[in-house]
Amino acid sequence: MSLLSVRNLKMHFSVSKRLFHGPSPVVKAVDGISFDIDEGETLGLVGESGCGKSTTGRSILQLLRPTSGTVHFGGKDLTAMWRPSWGQWKWSEELRQLRQQMQIIFQDPYASLNPRMTVESIVGEPLRTFSTARGGELRRQVQDLLQRVGMDPHYIRRYPHEFSGGQRQRIGIARALALNPQMIVADEPISALDVSIQAQILNLLTDIQAEFGLTYLFIAHDLAAVRHISNRIAVMYLGRLVEVADRDELYASPMHPYTKALISAIPIPAPTVEKKRQRIVLKGDVPSPMSPPTGCRFHTRCPVKEARCEVEEPAMREIESGHQVACHLV
């Protein structure tokens with residue numbers, strides 16, 4: 001059963017107006033994507049930097065109000081829960097209450113924790129906001145959360161600057177768990193950490209998913225990490241999804257040329273195999289999301305493109321059971 005259902009989600013940003021009264025350029029960060037995440041599943045969202053992964057996660061959580069499209073969480077359309085107020089859009093009370101079930105782990109553990117707050121204040125803030133615990137009970141719950149993420153419960157009086165990057169990310173995970181959510185968006189939670197710490201955080205996320213029955217949207221550009229934690233993987237390029245498949249299926253037989261190039265860049269820890277393998281090196285730069293190419297957005301860098309790719313946009317099609325690809329040549 002799908003816990004999250006996203007349909008034709010778009011997130012466009014207007015940049016500053018031009019000098020001579022021209023129309024404002026629009027950055028199409030996310031431009032019409034659709035996918036589902038089942039309860040208890042981990043969907044990995046991968047792609048190059050700037051392709052719209054983080055914007056997708058924030059739009060799903062309604063931290064950004066989507067330009068168009070729908071996001072159904074537990075059968076309820078979150079995009080319909082915004083209310084106009086004094087010329088601005090704000091959350092309705094229903095959306096505010098639903099936010100307890102949807103949490104986020106931010107990418108940078110150094111920027112996501114308030115340096116003026118103690119660990120007790122940081123982890124306990126969601127509990128105070130929704131009035132679920134106070135006083136001694138709040139402190140007890142914070143200490144319990146710290147223990148669950150592998151930290152000493154006596155650290156509650158310390159400040160973020162007293163911890164390493166990996167410890168800070170554990171504090172961020174404890175904060176995300178405070179309200180016992182159903183789904184967590186993990187926005188590149190290991191990219192800012194040392195390689196030696198990344199495996200520990202991935203194992204921690206796997207353990208707490210099994211313990212709490214969590215659903216993850218795991219955003220990353222490290223395909224090895226995504227393969228370790230995900231059940232299914234969605235590949236994103238310039239605001240669009242180009243391939244969605246089961247983890248093992250995607251790595252064993254990628255179909256989209258962009259996915260093939262990404263997977264060919266993953267190093268193999270076997271010198272003889274690595275030496276014989278052929279890398280797919282993409283030429284050129286990623287086009288600007290303010291003026292994406294016509295037709296297939298990947299055609300400017302695709303090594304196997306045809307004439308129709310430049311003018312006709314490929315639709316996402318199910319080639320095999322559970323394996324969807326947006327490519328004319330598949």
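1. In α3, Val119, Ile122, Val123 and Pro126 meet Ile171, Ala174 and Arg175 of α5 (contact means heavy atoms within 4.5 Å; helices are DSSP runs of H or I with at least four residues, strands are runs of E with at least two, and both are numbered from the N terminus). Sorted by class, that contact holds six nonpolar residues, no polar ones and one charged (Ala, Val, Leu, Ile, Met, Phe, Trp, Tyr, Cys and Pro count as nonpolar, Asp, Glu, Lys and Arg as charged, and the others, Gly among them, as polar).

2. A word on what you're looking at: this is a predicted model, where local features need pLDDT of at least 70 and side-chain atom pairs count only at pLDDT 80 or more, while totals for chains, interfaces and linings use all residues. Residues are numbered from 1 along each chain as its sequence is written, and side-chain values use heavy atoms, with hydrogens and water left out.

3. Back to the helices. The axes of α3 (residues 119–129) and α5 (residues 165–177) come within 7 Å and cross at roughly 30° (axes are lines fitted to C-alpha atoms, for helices over the stretch in contact, with angles from 0 to 180 degrees between N-to-C directions). The two are therefore roughly parallel to each other, a label for angles under 35 degrees.

4. Which residues touch the most other members of the largest nonpolar core? They are Ile173 and Leu205, in a core of 58 residues (a core is a set of buried Ala, Val, Leu, Ile, Met, Phe, Trp, Tyr and Cys residues joined through side-chain atoms within 4.5 Å; buried means under 20% relative accessible area, exposed over 50%, partly exposed in between, with a 1.4 Å probe and protein chains only). Apart from that core lies another, of 31 residues, including Met11 and Leu241.

5. Now the charges. Arg297 forms a salt bridge with Asp31, their closest N and O atoms 2.3 Å apart (a salt bridge puts a side-chain nitrogen of Lys or Arg within 4 Å of a carboxyl oxygen of Asp or Glu). Arg297 sits in the loop between α10 and β13 and Asp31 in strand β2, so the pair ties together parts 266 residues apart in sequence. Arg297 is buried at 9% relative accessibility, and Asp31 is buried at 5%.

6. Glu313 and Arg240 also pair up, at 2.1 Å from N to O. Glu313 is partly exposed at 45%, whereas Arg240 is buried at 18%. Asp31, Arg240, Arg297 and Glu313 are linked in a network of salt bridges.

Terms used: Parallel < 35°, antiparallel > 145°, perpendicular 65-115°, else oblique.
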